[in-house]
Amino acid sequence: LSLRDRRGTILSHYPDPEQWIGKTEQEIDDPKMQQKLRETGTIEAVGKDGVSRLYALAPLSNAPNSGLSITVGIPKAIAFAEANQMLSRNLITLGAALVIAFLITWTYGELSIFRQIKSILNMTEKMAGGDLSARTGVAHQRGELNQLALAFDTMAGSLEKRAVEAEE
């Protein structure tokens, strides 16, 4: 925080007032950034101490003709600390939600789809090996996989019946 007169002389400074008072030195080395600060009133720049800050400059409104202005520099780490903390918390929450959604989807897929497909696959492998009494074991309910399992079980029953008839 610094208070300057119209010539740019520092009248008050915090912290380290003894280092700055009476000097016309700028906290920002880059002249283009100093000019931009005077034009727009706010900038993001690196100070002489190497710390990235958000700077704001404003003339004193209660003494408009005095030429006095105040410059405030807040380290970005401090200015954005709460926002960064919220972002981190939200990302962790989102990650946890994604993991839970993945686990639910995987479990549902395992119980309702893959188990039925594995049963149908096992049944076809047994039949290919000559076991015509093999069945899927899938409950014959509504749904495409259940209908497919029913068709395989019906086919296996027909093949088994024909094999018995052929033996007789």
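Biologist: Taking two strands as paired if DSSP finds at least two bridges between them, over how many bridges do strand E1 and E5 pair?

Modeller: Please note that this is a predicted model. Strand E1, residues 2–4, pairs with E5 over three bridges, in the antiparallel sense.

Biologist: How many bridges join E4 to strand E5?

Modeller: Seven bridges join E4 to E5 (residues 69–75), and the two run antiparallel. Within that pairing, alanine 58 has isoleucine 70 of E5 as its bridge partner.

Biologist: What about E3 and E4, over how many bridges do they pair?

Modeller: Strand E3 (residues 42–46) and strand E4 (residues 52–59) are antiparallel and share five bridges. Alanine 45 has arginine 53 in E4 as its bridge partner. Five residues lie between the strands of this hairpin, and glycine 50 takes a positive phi near 85° there.

Biologist: Which residues make up the largest nonpolar core?

Modeller: That core has five residues, namely Ile28, Leu37, Ile43, Ala45 and Tyr55.

Biologist: Changing topic: where does threonine 9 lie, and is it buried or exposed?

Modeller: Threonine 9 lies in the loop between E1 and E2. Its relative accessibility is 17%, so it counts as buried, the cut-off being under 20%. Leaving aside neighbours within four places in sequence, threonine 9 is in contact with Leu3, Arg4, Gly22, Lys23 and Thr24.

Biologist: Now the charged residues. How many salt bridges does the count come to?

Modeller: The count comes to five salt bridges. In one of them, the side chains of glutamate 44 and lysine 76 meet at 2.6 Å, N to O. This pair links distant parts of the chain, 32 residues apart, with glutamate 44 in strand E3 and lysine 76 in helix H3 (residues 76–79).

Biologist: What is the relative accessibility of glutamate 44 and of lysine 76?

Modeller: Glutamate 44 counts as partly exposed at 43%, and lysine 76 counts as partly exposed at 25%.

Biologist: Which residue forms a salt bridge with glutamate 160?

Modeller: Glutamate 160 forms a salt bridge with arginine 135, with 2.7 Å between the closest N and O atoms. Glutamate 160 is in helix H5 (residues 144–167) and arginine 135 is in the loop between helix H4 (81–128) and H5, so the pair ties together parts that are 25 residues apart in sequence. Glutamate 160 is partly exposed, with a relative accessible area of 28%, and arginine 135 is partly exposed with 33%.

Biologist: And with which residue does glutamate 110 form a salt bridge?

Modeller: Its partner is lysine 118, and the closest N and O atoms are 3.3 Å apart. Lysine 118 counts as partly exposed, at 45% relative accessibility.

Notes:
Residues are numbered from 1 along each chain as its sequence is written. This is a predicted model: local features need pLDDT of at least 70, side-chain atom pairs count only at pLDDT 80 or more; totals for chains, interfaces and linings use all residues. Side-chain values use heavy atoms; hydrogens and water are left out. Two strands pair if DSSP finds at least two bridges between them. Helices (H or I, at least four residues) and strands (E, at least two) are DSSP runs, numbered from the N terminus. A nonpolar core is a set of buried Ala, Val, Leu, Ile, Met, Phe, Trp, Tyr and Cys residues joined through side-chain atoms within 4.5 Å. Buried means under 20% relative accessible area, exposed over 50%, partly exposed in between (1.4 Å probe, protein chains only). Contact means heavy atoms within 4.5 Å. A salt bridge is a side-chain nitrogen of Lys or Arg within 4 Å of a carboxyl oxygen of Asp or Glu.
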